[in-house]
Amino acid sequence: MLKVKNLTKTFSSPSGDVNALKAINLNIETGEFASIIGKSGSGKSTLLSMLGALDIPSSGNIEVDGVDIAKLSAHKQTAYRARKIGFIFQQYNLIPNLTALENVMLALEFGGVPKRKRKSRAQQLLNEVDIDEEQQLRKPSRLSGGQQQRVAIARALANKPSIILADEPTGNLDSETGKKIFDLLHKLTRSEKTTIIAVTHDMDIAGRTDRTFQLKDGKII
Ligand SMILES: Nc1ncnc2c1ncn2[C@@H]1O[C@H](COP(=O)(O)OP(=O)(O)O)[C@@H](O)[C@H]1O
Ligand SMILES: [Mg+2]
């Protein structure tokens, strides 16, 4: 269970303070597939960064399974990210010099999986997202957008996270490929009861999730 209470984030900029999040309250159940919609600049990415402990709130609480992640030490926040969270980004963020297989193996290394187990586990993950053996040996630039995002999903799932945070994961894909990516994410996380929180622009996709939150000017409406 994820509980966000009075979450506020203010950025200071040369032209003045920006109130990116204004006293956000929301609860998301374990295993729920939630979507976040809202115009550009409404605070969607800021909210996901807070949930993933990539940035620190100005005030408020974020409780994940009873622990307030905003109050953890930097060291414990790193551990929280590594053990509990899988990130998926619009730009895929794969490492260009590594093959698909090596990208997933690296995530397993960060997750503390012993060396001898990494390759077979990475191959299994990539098979699940339909990246075949030949494609697994390609670098990201030699894969299509949809294939790169499937590799990114395999990477995000590598350490069996309890929460997947996805920031416009299908923003660079055509809408049919985008829907397939969401269906895949859904399918792969059902058995583990993984919570998914995904930002999307696609109302069709949002309509297929369990619940949709709409942000406007840093507030849930
Ligand atoms: N690091 C930052 N410094 C200053 N302002 C920021 C920073 N990150 C985001 N913002 C501002 O916060 C608001 C929300 O941004 P963001 O969360 O990226 O919106 P969205 O993802 O919905 O497009 C915007 O006004 C944006 O310009
Ligand atoms: Mg954004």
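Predicted model: local features only at pLDDT ≥ 70, side-chain atom pairs only at ≥ 80, totals over all residues.
Residues are numbered from 1 along each chain as its sequence is written, chains are lettered from A and ligands numbered from 1 in the order in which they are written. Local features need pLDDT of at least 70, side-chain atom pairs count only at pLDDT 80 or more, and totals for chains, interfaces and linings use all residues.

Helices (H or I, at least four residues) and strands (E, at least two) are DSSP runs numbered from the N terminus.

Strand 1 (2–13) and strand 2 (16–28) are joined by a hairpin through two residues and pair over nine bridges. Phenylalanine 11 has valine 18 in strand 2 as its bridge partner. Strand 1 is also joined to strand 4 (residues 59–64) by five bridges; here lysine 5 is partnered by asparagine 61, and leucine 2 stands opposite valine 64.

The shell around ligand 1 includes Phe11, Val18 and Lys44, a residue being near a molecule if its C-beta atom, placed from the backbone, lies within 6 Å of it. Strand 1, strand 2 and helix 1 (44–51) each supply at least two residues of this shell, and helix 1 gives the most, with three.

Methods. Pairing = 2+ DSSP bridges.
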